[in-house]
Amino acid sequence: MPGTVQSIERAAAILRTLAGGPGRLGLSEIARTLDLAKGTTHGILRTLQLVGFVEQDRNSGQYQLGGALLHLGTSYLDINELRSRSINWADPLAARSGESVRIGTVLEGQVLVVHHVFRPDDTFQTLDVGTLLPLHATALGKVLLAYRAGGAGVPLEIERFTRKTITDPKPLAAALEGVREAGFAMEIEELTLGQAAIAAPIRGYGGLVVGAIGISGPVERLCDSHYRPHPHLITNVRDAARAVSRDLGATR
């Protein structure tokens with residue numbers, strides 16, 4: 001039997017490191033993490049960059065997973081599987097948070113809601129399964145944009161829904177960087193006045209982000225008087241996202 005190809009093993013290790021990291025990573029950090037020479041690491045990164053599996057930020061020089069790899073990683077995951085794996089964790093999240101829960105993935109440059117759990121009260125609610133939401137103005141969408149799930153990208157024309165919608169590419173890029181650093185996204189009145197949302201990434205095999213799960217409700221219930229999300233709600237959402245991710249084969 002032939003032996004393993006060392007360069008492919010190292011490339012896979014680099015991709016796993018980028019997938020499991022908090023965001024972009026520099027050449028030195030990647031080389032140090034994997035105990036590889038900088039020259040070797042740089043050569044592999046350049047090759048991965050040429051095929052679209054890795055992208056390099058022009059300003060910082062740091063690396064992140066590329067759109068080609070993310071699209072490849074999500075193509076195996078059927079929407080029905082994402083929904084079926086999430087159901088067991090969406091209901092408890094609604095019960096703990098007292099808010100409605102939505103699970104979304106990318107479809108043609110928008111967020112497709114694949115599952116929706118009503119908030120546990122007697123108020124009138126409308127089922128959102130199948131609804132398409134904007135990526136830039138929702139917590140679910142910001143998560144998908146931040147991690148380039150399904151090859152998601154910022155639209156050329158960013159639509160404004162309220163006065164709080166982020167439509168400038170630079171502030172939006174900064175917000176997405178914040179999502180990667182914090183591990184969750186927040187949206188306050190960016191899509192609908194009086195409404196807020198919190199979302200976290202759902203990861204599949206290899207750590208690739210394949211969807212997002214989040215809660216939504218009135219600003220006064222999700223945030224404090226300074227418009228900061230309540231910590232216990234962030235914890236609830238992130239715990240649910242991790243649970244779904246484990247069911248989908250994510251190891252971290």
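Which residue stands opposite Val 209 in strand 8? I looked it up in the model, which is predicted, and found Arg 203 opposite Val 209.

**Entry 1**

I began with strand 8, residues 209-218. I checked burial along the strand and found 10 of the 10 residues buried, so strand 8 is largely enclosed by the rest of the structure.

Next I looked for the strands that pair with strand 8. Strand 7, residues 195-203, pairs with strand 8 in the antiparallel sense over 9 bridges. I also found strand 3, residues 100-107, pairing with strand 8, again antiparallel, over 5 bridges.

**Entry 2: salt bridges**

Side chains of opposite charge can pair when their charged atoms come close. I counted salt bridges over the model and got 11. I followed up some of them individually.

I looked at Glu 189 and Lys 164, where the closest N and O atoms are 2.8 Å apart. This pair links distant parts of the chain, its residues being 25 apart. Glu 189 sits in the loop between strand 6 (185-188) and strand 7. Lys 164 sits in the loop between helix 6 (139-146) and helix 7 (169-182). Are the two residues buried or partly exposed? Glu 189 has 14% relative accessibility and the cut-off for buried is under 20%, so I logged Glu 189 as buried. Lys 164, at 27%, is partly exposed.

I noted Arg 119 and Asp 121 as another salt bridge, with 3.2 Å between the closest N and O atoms. Arg 119 has a relative accessible area of 23% and is partly exposed. Asp 121 is partly exposed too, at 33%.

I also checked Asp 224 and Arg 228, whose side chains meet in a salt bridge at 3.1 Å, N to O. Asp 224 is partly exposed, with a relative accessible area of 26%. For Arg 228 I read 48% relative accessibility, which counts as partly exposed.

**Entry 3: a network**

Which residues are linked in a network of salt bridges? I found Arg 24, Asp 57, Glu 177 and Arg 180 linked in this way.

Conventions: Residues are numbered from 1 along each chain as its sequence is written. This is a predicted model: local features need pLDDT of at least 70, side-chain atom pairs count only at pLDDT 80 or more; totals for chains, interfaces and linings use all residues. Side-chain values use heavy atoms; hydrogens and water are left out. Buried means under 20% relative accessible area, exposed over 50%, partly exposed in between (1.4 Å probe, protein chains only). Helices (H or I, at least four residues) and strands (E, at least two) are DSSP runs, numbered from the N terminus. Two strands pair if DSSP finds at least two bridges between them. A salt bridge is a side-chain nitrogen of Lys or Arg within 4 Å of a carboxyl oxygen of Asp or Glu.
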